[in-house]
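Subject: A structure for you to look at

Hello,

I am passing a structure on to you, with some notes on what turned up in it. Please have a look at it first, and then read on.

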Amino acid sequence: MIELRNVSNHILKNIDLEIKRGELFVLLGPNGAGKTTLLDVIAGITPYEGDVFIDEKNMKGVLPEDRDIGYVFQGLFLFPHMNVYENVVFPLKLKAKKRLKERLDELIEMFELGGIINRMPNQLSGGEAQRVALARALAVEPKILLMDEPFSKLDTETSHKLRLELKRLHKKLSITALFVTHNKDEANFLADRICFIKNGEIDGFG
């Protein structure tokens, strides 16, 4: 569960929000509304006033790497000098996971990466890169998955296919997920609940 109490910063204004455990929660709003900033607050990578709770624990002073969060950034930020295998395994090595090989095998199967495991990021299609970014974000089995408009730069067919895949994965993993978009159709397809955000403020729920 995620709870924000009176969260404010240079963009957000007195945000009160509760996201249930296992929910696929969508933040919907125009560019500049504060959607990405809200994700960054939860992830602990931008300053804020107020309180953020994850599973009833206040995140004040908790470093981003200790918040048990996976983050798929809008630009993906795959490491250009690493192949697919190295990108996916990187967070596992940081966490010194004991079952590295087993977890890697799970991710390769889950995201169908076997045929591209040795490719470099510049050799991937948009859909393949998205799958690699999701695999990397989920590698350490985080409690929370944050996704910042991950499908916005894809063609319609690829975007639709990945939406279906995300729905399937969310159901399988039962992970708490926050998905940012400005696309109403995408929000309606994916969301358990939608939060409308505008000018740094919550503008209703759907």
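Leu28 has Thr181 of strand 8 standing opposite. That contact belongs to a parallel pairing, in which strand 3 (residues 24–28) and strand 8 (residues 176–181) are joined by five bridges. Before going further, please keep in mind that this is a predicted model.

Which order do the strands of this open sheet follow? There are six of them, in the order 6-7-8-3-9-10, and the pairing is mixed. At the edges stand strand 6 (69–72) and strand 10; each has a single partner strand, so one side of each is left without a neighbour in the sheet. On average, and with direction ignored, neighbouring strands here are turned by 20 degrees against each other. Helix 4 (residues 126–138) packs on this sheet, where it touches strand 6 and strand 7 (144–148). The direction of helix 4 makes about 165 degrees with that of strand 6.

At the strand 10 end you will find a hairpin: strand 9 and strand 10 have two residues between them. Asn199 sits in the turn and has a positive phi of about 50 degrees. Strand 9 (residues 193–198) and strand 10 (residues 201–205) run antiparallel and are joined by three bridges. Within this pairing, Ile197 is opposite Ile202 of strand 10.

Four bridges connect strand 1 (residues 2–8) with strand 2 in the antiparallel sense, and Leu4 has Leu17 in strand 2 as its bridge partner.

**Aromatic rings**

How many aromatic pairs are there? The count comes to four. One of them joins Tyr71 and Phe73, whose rings are stacked, at 4.0 Å centre to centre and with 10 degrees between the planes. Is Tyr71 buried or exposed? With a relative accessibility of 13%, Tyr71 counts as buried, while Phe73 is partly exposed at 29%. Together with Phe77, Tyr71 and Phe73 form one aromatic cluster.

**Charges over rings**

Arg5 has its charged end over the ring of Phe53, 4.2 Å from the ring centre. The charged end of Arg136 sits over the ring of Phe79, at 5.1 Å from its centre.

Enjoy looking around, and write back with any questions.

Best wishes

Methods
Residues numbered from 1 in each chain as written. Predicted model: local features only at pLDDT ≥ 70, side-chain atom pairs only at ≥ 80, totals over all residues. Heavy atoms only, no water. Pairing = 2+ DSSP bridges. Axes fitted to C-alpha atoms, helices over the stretch in contact; angles between N-to-C directions. Contact = heavy atoms within 4.5 Å. Phe/Tyr/Trp six-rings, centres within 6.5 Å; stacked < 30°, edge-to-face > 60°. Buried < 20%, exposed > 50% of the residue type's maximum accessible area, 1.4 Å probe, protein only. Lys NZ or Arg CZ within 6 Å of the ring centre and 35° of its normal.
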